[in-house]
Amino acid sequence: RFGLGKNGNPIYPEIFRRPATAAGSSVMAANLIKDGGIIHHPAGGTHHGLRDRASGFCYFNDPVLGIYALLDSGLDRVLYVDIDAHHGDGVQIAFAEDERVLTVSIHQEDLWPKTGAIDDIAGGMARNLPMPGGMHDDEMRFILFEYLIPLGLSVAPQAIVLQCGCDTLAEDPLSRQLLGNQSIWEVVGAMTRLAPRSLVLGGGGYSPYGVARCWSGVWATINGIEIPDVLPITAENILRVIKWAHSRGRQPASELFTTLADPWRGGAIRDEVRDRVKRLRGYGV
Ligand SMILES: [Zn+2]
């Protein structure tokens, strides 16, 4: 009945405490930024959780609970932006009827849960940009400049909640996207400037090296810390002790240990991407 023990929601010793801690942290974060500020909560971002059902390894939906806490603090204009490789279905469903929250999801079109088509606006308060596999840094930048920033300026949200799943990185085994971490940091830097309050969450991410490097850089971006060309040995040692049983973890490239920033993984903006962004802009806000 609650989806436990099946469909990607395994029963494990921390089945309650781990997701409950993440959910409580999103609520706490919302309260801490009541008067302004930015919080980075990388254990949050479980965007598939449903009202009464676990889904996609999300037992509670901490973004939804964090947004409710923001609304409870008196806000009535919240923008949720989800750049995870998977559709942010649980958050969209939660606020589909709620005029106080606009949810935007950019996701790979053919991945589970296969919802979030471009014409799915959930009664008005959702926007979806399904992307073809192969998305690269220049396309993410294109989406940022041609869609997300104009949208943010137009909505003028009192708070932005950014689900920052990094399963879009090229080294991630679950998606076919080809991002480097720099375009993700660019999104974080730009979006957190568009509202007086920001809650930056984690999300998916299945290459432990990719996740550790990307979200460390998210932290640095939020704090205005310059990313060094070469990591100090203390940081390198932390990355080197990560064990990853996946076949891609057998011989990781040495740059994964010695640097934080990926090289910019760019390319041409594909016509279908231009067309979709144009179509999305047609929905206005
Ligand atoms: Zn994901």
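Select D84 to begin: this residue is buried (under 20% relative accessible area, with exposed over 50% and partly exposed in between, using a 1.4 Å probe and protein chains only), and its relative accessible area is 1%. The model is a predicted one, in which local features need pLDDT of at least 70, side-chain atom pairs count only at pLDDT 80 or more, and totals for chains, interfaces and linings use all residues. Residues are numbered from 1 along each chain as its sequence is written, and side-chain values use heavy atoms, with hydrogens and water left out.

D84 lies in the loop between β2 and α3 (89-95), and D167, 83 residues apart from it, in the loop between β5 (159-163) and α5. D167 is also buried, with a relative accessible area of 0%.

Now select residues 137-155, helix α4. Helices (H or I, at least four residues) and strands (E, at least two) are DSSP runs, numbered from the N terminus. The 19 residues of α4 reach 25 Å from first C-alpha to last, close to the 27 Å expected, a span defined as 1.5 Å times one less than the number of residues.

Centre on L144, where α4 bends by about 40°; the bend is the angle between axes fitted to the seven residues ending there and the seven starting there. The buried residues of α4 include F142, I143 and L144. Finally, step to A156, which follows α4 and has a positive phi, near 45°.
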